[in-house]
Structure formats: C-alpha cells, structure tokens
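Dear colleague,

I am handing over the structure that we spoke about, and I would be grateful if you could look through it with the notes below beside you.

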Amino acid sequence: MNIYLVEYAINSLLRQKYKTIFVTVILTTLVFLLTSVFFITNSIKYELQSTVDALPEIVVQKIKAGRHYDLDSERVDDILEITGVNSAVARVWGYYYFANVGVNFTVVGIDEYEEQYKNSLNLIAKSLDFSTNSMFVGEGVKKSMSESYYKEYFNFIKPNGTLKKMNISGVFEGDTQLESNDMIVMSKENARDIFDMSQSRATDIVVKVANVDEIHTVASKIRLIFPDSRVITKDDLKISYQNIFDYKSGIFLALFVVSLFTFFIIIYDKASGLSSEEKREIGILKAIGWRVDDVLKEKFYEGFIISFFAYLLGVFLSLGFVYILKAPLIQKIFTGYSELKTSFDLPFVFDIQTLALVFFLSVPIYIAATIIPSWRSATLEADEVMR
Amino acid sequence: MKKIVYVLLITLLLFSSSSLFAFSKEVTNPTLVQVGKHKHWCPVCGMSLKKFYKTSHVSKQNSSTPKQYCSMRCLVVDMSQNSIDTKNIQVVDVVSQKLIDAKSAIYVVGSEVKGTMSKVSKLAFSSAEAAEDFSIENGGDIVVFDKVLQMAQESIKSDMAMVTKKKTKKIYPMGKKIFEKICDKKIELKNYKQINQLKAAIKNEKLCKPMKEKQLQALSLYLFEVKRFDNLKKNDAIIQVTKDDKCPVCGMFVYKYPKWVAQIFYKNSHYSFDGVKDMMKYYYEHRKDISKILVIDYYSHETIDALKAYFVIGSDVYGPMGDEIVPFKSKSEAKVFSMDHKGFKVLNFDEIKEQEVYKLDE
C-alpha cells in the first residue's frame with residue numbers, strides 16, 4: 001500500500017469539496033434508509049417470532065352466532081381425555097377499555113396452582129398474593145394508569161357500574177414487550193368479577209401437545225367433540241401474524257425499490273463518463289509518470305474512503321434512529337394494527353447478514369462506478385486524454 | 001295492556017324457574033353416616049359428600065362402621081377390594097334426600113344429569129312414579145339396583161381410565177404445587193388408611209395453610225395416590241445422546257431426531273438408533289448380554305422400557321428412515337394411535353417379527 005497514493009486520494013477528495021459532500025450525503029441517506037428499514041423489520045420479526053413461539057399449541061374457543069363466546073370450563077376434562085394432550089387449561093381473560101387514556105388493557109386471570117401456559121406467568125403466580133385484590137401490571141399499563149394518577153391502585157368499572165378496587169402490587173416483564181406491555185395479571189376470581197363471568201365459565205381453553213406432529217390430529221378430535229368450537233392451532237396463528245407483517249413489509253419494499261433505483265441512477269451517471277476536468281487530471285498524472293495501476297489504485301482509495309465513510313455513518317445514524325429514538329414515523333407503519341394497544345419498544349437484534357447486504361449493495365458498487373471510467377481514460381495515451 | 005304485562009310476567013317466571021330448578025347434586029343438609037372427622041368425604045375418592053350427596057351410597061361392612069361413598073362407582077371400587085354385603089347397601093333418594101334401602105330403590109340411569117366419577121349418572125328414587133317423572137323430564141332408563149350394579153361393574157374400567165387421565169394431567173401436578181408451596185413437608189402418609197382420613201387431618205390438624213375444598217381435594221389426591229408410592233416407582237433411565245452418536249445400522253446422526261431415538265445397553269457399551277426399526281434390525285443380530293432397551297413414547301416423549309412398551313407397526317407416521325415402528329407407554333394409547341394413523345398392528349416387544357421389520361422397507 002502506497003501511503004502517498006492514499007494521501008493524494010484524500011487531498012483529491014478535499015479539493016472537490018462540494019462533489020464529495022454531495023456523494024457522501026446521497027450514500028449516507030441510502031445506507032441509512034436501508035439499514036433502518038432492515039433493523040425495524042428484523043426487530044419486529046424477532047418480537048413476533050418470540051410472541052408466536054410463546055403461544056400454546058392449540059386454543060379452543062366457543063363460537064355462538066359467529067362470535068367468540070364464553071365456554072363451560074368443564075370442557076377441559078373432555079379435552080384432557082384425548083390421547084396426546086399433555087395439559088389443558090381454561091383461561092379467563094379479556095380486554096378492558098380505559099377511556100381516560102383511550103387504551104385497551106388485556107386483563108388475564110390466573111390460578112395459583114394450575115399449570116401456567118406461559119413462562120412469564122409462572123413467576124407472577126409465585127409472587128402474586130391471591131387472597132387479596134392485588135394485580136401485576138405491565139409497564140405500559142403502569143404508565144397509562146399513573147397518567148390518570150392511579151399510582152397504588154386502580155378502580156375497574158364492572159359491567160353493572162360498581163367499582164372494583166385493585167391494588168397494584170408490582171410491575172412485571174414478559175418474554176416479549178408486545179405481549180406484556182398492555183397486560184394486567186390477577187387471580188381468576190378477580191378477573192371473573194371484573195368481566196361479570198360466572199365461576200364455571202372461561203374465555204377459552206389452551207391445550208398443550210407434547211408431540212408437534214399430533215397437533216393436527218388432536219385439533220380435529222376437539223372439533224369433533226365440540227362442533228360449536230373454533231380450534232386455532234399455532235400454525236394458523238403464525239400464518240395470520242405473518243400476513244399482517246408481510247402486508248406492512250410490502251410498503252417497505254416499495255420504499256426500498258425507490259431508493260435503490262435512485263442510487264443506481266447516480267451510479268449510472270458516474271459510470272457513463274468522467275467530466276473533462278477529471279479526464280485531464282488523469283492525463284497529467286500519466287504524463288508525469290504514473291502508471292495505469294497507480295491511477296486505478298488512487299481512484300480505488302478515493303471511492304473506498306468516501307463510500308465506506310458514508311456506509312459507517314449511515315449505519316450508526318440508523319442505529320441511533322431506530323434504537324435510541326425508537327424510529328419515529330417509520331415505526332407507525334408497522335405497528336399500526338395495534339393502534340389501541342400501548343406502544344412497545346423495539347428489541348435490539350444485531351443481524352450481521354443485513355449489514356453485509358447493505359455493505360455489498362453500496363460500497364463495491366460505488367467503487368466500481370468510480371474505477372471503471374477512470375480505467376477507460378487511464379488506458380488511453382496521455383496526450384489523447386489531455387487534448 | 002295489563003294482559004300483556006301478565007303474559008310477560010308469567011313467561012318470565014317460567015323461564016327463570018326452569019333455570020332455577022337446574023339439577024344439582026349438592027344439598028344443604030346431607031345425612032352423613034360415617035363416624036369421625038372424616039365423615040364429610042368419600043373414603044375411596046375423597047370427594048365432598050355434601051356436593052355429590054344425591055348420588056351417594058352407604059355400605060356397612062361386616063359389623064364395622066359404615067362407609068359413605070360419593071357415587072356407585074366408588075362403591076364398586078371398594079367392593080373389589082373389600083368384602084361388602086350387597087344386601088346391606090343404602091342410597092340417597094333424590095326426592096326426599098333420605099337414605100333408603102338400595103334393593104328397593106328405582107334407579108334412573110343415563111339421564112342428562114352428569115355422572116359422578118362416571119360417564120353415566122345413576123340416580124335413585126324411592127317410588128317408581130318419581131323415577132318415571134324424572135326420566136320423562138331428563139331422559140334416562142329406569143332400572144333396578146342389581147342391574148345398575150352390574151352396569152357399574154362393567155363400565156368401571158372406562159370410568160377409571162377417564163378419571164386417571166384427568167388426574168395425571170391436571171390434578172396431580174396441581175396437588176404437587178400446593179404441597180410444595182403451603183404444606184408441612186413432614187406429613188406421615190402411612191398413618192392414613194383412607195383418603196378421607198388424610199383430608200380430615202390436613203384440614204383439622206393444620207398440616208397445611210388453609211385452602212379451598214377444590215385445592216384440598218387436589219392436594220390429598222396427590223399425596224394419597226402419588227406421593228405415598230414415591231419410593232416405589234423410580235424411572236431414572238432417560239435417553240441421552242451426544243452429537244457424535246451414529247446409528248450403527250444406517251449411519252445417520254441420532255441427535256437430529258430426538259423424538260425417535262432408541263437405545264440398546266450391553267454390559268459395557270450401548271448403541272443409539274434413529275428409530276425402533278433400525279434398533280430391531282440390530283437386535284436380531286446381537287441378542288446376547290443385553291442389559292436394557294430404551295425407547296421414547298410417541299405422545300409424551302418420555303423414555304420408556306421397550307420390554308414393557310407397546311408398538312404400532314405400519315402407520316402413516318414416518319420416522320427419519322421412513323416407515324417406522326412407533327413405541328407407546330400404554331396399550332390404549334397405542335390403539336388410539338393405530339386408529340388415527342392407519343396402523344397395521346399393535347404389538348408387544350416380543351411379538352415384533354423380523355420379517356415384518358424388514359417388510360417396512362419395501
């Protein structure tokens with residue numbers, strides 16, 4: 001590596017100040033846009049994936065007149081009889097609309113000694129006091145409640161209009177933010193009280209099946225036993241989550257295509273020819289004794305310095321934008337479907353593949369776009385170029 | 001206008017009353033004939049007699065104290081273990097809620113009312129008219145005691161299976177949690193001969209912190225039916241494979257198919273296979289000095305002893321090497337699997353024939 005060539009390349013960049021700045025800005029913006037989009041999609045994908053993974057294998061709901069309806073919790077016993085079922089738990093849960101802040105809370109009732117269908121609930125079951133009116137709330141819920149000055153307790157309005165006072169005994173963290181942010185966990189009795197459900201009823205039943213190959217068989221057996229039920233398997237849920245997500249990523253794909261298109265126009269413009277000034281510079285360099293490979297090396301350094309600098313700048317900017325500023329504007333597109341839910345943070349997912357993809361889309365292409373036309377002029381005779 | 005109001009009121013009354021009279025087996029003042037603090041619960045299953053009073057039966061063992069059961073099912077279970085005089089059995093009359101002689105009682109079997117510990121309910125009436133009225137309203141057949149007893153004895157196996165599944169999947173784990181969380185760990189289980197005595201002791205001697213009836217039932221069932229036999233059954237054999245283990249028959253890595261692993265242990269060595277089919281092929285060639293054979297249950301993924309397992313041959317479920325022989329813990333599970341997945345045969349380990357194993361590859 002010839003240090004003088006590098007020095008010359010830097011000086012040459014500084015000499016053409018405005019051009020350098022222009023190219024850097026364009027490249028940085030491109031890298032920034034691409035990486036932010038990828039960071040956001042990766043984070044949300046991760047969040048969704050872990051949410052889906054935490055889901056039970058089968059959920060059984062009762063459908064009455066085309067709507068989801070409470071079911072008899074004794075159905076659990078019939079489901080347990082099916083071979084292949086590991087456990088079945090009747091869940092009591094529902095949404096509670098908190099009008100003051102305009103958000104929906106998910107109220108989940110758990111039983112102290114029953115098998116919990118989620119790991120995060122196991123921890124709560126250990127620390128929650130089931131004998132009193134106490135509850136654990138997610139962080140988002142805590143925030144919404146304290147905005148209305150409910151710091152120590154919260155008054156639920158029951159369907160008959162009376163109030164039910166519940167003490168906040170702690171804040172919990174779930175496996176993923178998407179699920180836990182809007183969640184309130186309390187005993188089944190209290191949850192039933194808030195929703196005015198009778199003791200023998202439940203919202204739905206979650207079924208665990210040890211052998212994943214058997215999920216389908218078990219699901220069809222449940223459908224046979226309870227013709228009025230809707231049986232949702234994990235795969236069904238995965239597909240519907242994926243559909244929402246794919247629709248949103250379509251918007252990003254459009255953005256991605258447009259920015260790439262812009263980038264390639266700039267590249268094409270560069271590659272189609274050098275300005276006469278640049279040509280003359282190459283001619284003079286050759287006249288004072290530079291060889292072709294010296295010229296190409298110098299041009300390579302020039303292109304590499306500018307594009308790599310822009311790449312790093314773009315990546316760092318997007319890291320800050322996505323994970324520190326929480327991706328204002330862009331995130332709205334993705335999380336639009338949960339408008340009523342309290343917002344969630346993007347989990348940090350470092351994906352080397354994405355960074356490599358963006359790197360190879362920007363740096364080598366730009367370098368090629370600077371080297372190829374210079375090589376064309378450098379191979380010509382010096383006097384021909386200068387003329 | 002007034003007429004409409006009356007009509008409305010009457011229909012309202014009718015509707016509310018029909019739901020009010022929904023059949024409940026619980027009564028406020030049950031007649032409990034057992035002596036002692038354990039009299040509130042059934043000696044066989046431990047369930048509350050008050051809650052299931054209307055299906056309750058009483059037996060007097062030869063000159064000893066009477067036992068009161070929650071249902072005919074528990075009576076039948078007790079009969080199979082102890083000698084009970086069938087002439088001396090009493091049953092609760094649904095109408096008067098008094099104990100009457102079972103021999104003279106008229107039973108309604110298989111009505112809409114759910115059975116206690118059984119798939120069909122068996123309710124007793126002192127008069128034939130009352131039984132007929134009940135069966136007109138709720139369905140079911142009218143039968144005499146001897147016949148009912150016979151029916152209960154015939155159905156006891158399927159009733160037991162139903163309850164066992166519920167217990168192992170739901171109640172025992174719950175009871176274990178309760179025991180570990182709020183109980184004195186030093187309960188001397190050998191002191192209690194009947195589950196209701198244990199229940200009474202837990203409640204009255206404060207062996208555990210106070211709890212609801214449902215939780216008490218789960219706890220006692222766990223202690224009486226699982227914890228008591230803790231030392232007897234120990235299943236410490238668990239299949240473990242390393243990343244280097246290869247199936248000696250087909251040469252594939254075994255760790256990639258944890259659901260299908262099978263192992264044969266010899267005196268000093270052991271081999272892992274990626275399916276029972278390959279294991280059998282090896283087994284037929286090397287039968288000497290085998291200390292144990294382990295396979296994995298299809299449904300629960302638990303390690304089980306192959307010699308005690310049941311196998312389904314020729315199903316539509318494929319293992320890593322195609323058609324497989326699928327192992328099961330219990331015969332009933334194997335049968336269910338065989339029906340679900342078009343199995344050819346349900347076999348013991350000894351019944352698997354070499355020919356049939358090789359035929360799977362064709």
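What follows is an account of the contacts and surface features found, taken by topic.

Please keep in mind throughout that this is a predicted model.

In one of them, the ring centres of Phe98(A) and Tyr150(A) are 6.4 Å apart and the planes stand at 55 degrees, so the pair is tilted. This pair links distant parts of the chain, with Phe98(A) in strand S4 (residues 85-98) of chain A and Tyr150(A) in the loop between helix H5 (139-147) and strand S7 (153-157), 52 residues apart. Phe98(A) and Tyr150(A) are both buried. Another pair is formed by Phe154(A) and Phe156(A), whose ring centres are 4.9 Å apart with planes at 75 degrees, and it is therefore edge-to-face; Phe154(A) and Phe156(A) are likewise buried.

Turning to charged contacts, the structure holds 27 salt bridges over all chains. One of them is made by the side chains of Lys170(B) and Asp77(A), at 3.5 Å from N to O. That pair crosses between chains, running from helix H4 (residues 145-182) of chain B, where Lys170(B) lies, to helix H3 (residues 75-80) of chain A, where Asp77(A) lies. Lys170(B) has a relative accessibility of 22% and so counts as partly exposed, whereas Asp77(A), with a relative accessible area of 17%, is buried.

Within chain A, Glu115(A) and Lys208(A) meet through their side chains in a salt bridge of 3.6 Å, N to O. The two are 93 residues apart, Glu115(A) being in the loop between strand S5 (103-110) and helix H4 (119-127) of chain A and Lys208(A) in strand S11 (residues 204-209) of that chain. Both partners are partly exposed, Glu115(A) with a relative accessible area of 32% and Lys208(A) with 30%.

In chain B, Lys103(B) forms a salt bridge with Asp146(B), and their closest N and O atoms are 3.0 Å apart. Here again distant parts of the chain are linked, from Lys103(B) in the loop between strand S4 (99-101) and S5 of chain B to Asp146(B) in helix H4 of chain B, 43 residues apart. Lys103(B) counts as partly exposed at 38% relative accessibility, and Asp146(B) is partly exposed with a relative accessible area of 46%. Also in chain B, salt bridges with shared partners join Lys277(B), Asp278(B), Lys281(B) and Asp361(B) into one network.

In chain A, Tyr18(A), Ile21(A) and Val25(A) form a nonpolar surface patch with about 360 Å² of accessible area together, and Val25(A) lies in helix H2 (residues 17-54).

Finally, please check two backbone positions. Asp196(A), which is not a glycine, has a positive phi of about 55 degrees and lies in the loop between helix H7 (188-195) and strand S10 (201-202) of chain A. Met117(B), also not a glycine, has a positive phi of about 60 degrees; at 12% relative accessibility, Met117(B) counts as buried, whereas Asp196(A), at 59%, counts as exposed.

Key:
Residues are numbered from 1 along each chain as its sequence is written. Chains are lettered from A and ligands numbered from 1 in the order in which they are written. This is a predicted model: local features need pLDDT of at least 70, side-chain atom pairs count only at pLDDT 80 or more; totals for chains, interfaces and linings use all residues. Side-chain values use heavy atoms; hydrogens and water are left out. Rings of Phe, Tyr and Trp (its six-membered ring) pair if their centres lie within 6.5 Å; planes under 30 degrees apart count as stacked, over 60 as edge-to-face and the rest as tilted. Helices (H or I, at least four residues) and strands (E, at least two) are DSSP runs, numbered from the N terminus. Buried means under 20% relative accessible area, exposed over 50%, partly exposed in between (1.4 Å probe, protein chains only). Patches are made of residues with over 30% relative accessible area and no salt bridge: like charges are joined within 9 Å, nonpolar side chains (Val, Leu, Ile, Met, Phe, Trp, Tyr) within 5 Å. Accessible areas come from the Shrake-Rupley method with a 1.4 Å probe; for residues, only the protein chains shown count as cover. A salt bridge is a side-chain nitrogen of Lys or Arg within 4 Å of a carboxyl oxygen of Asp or Glu.
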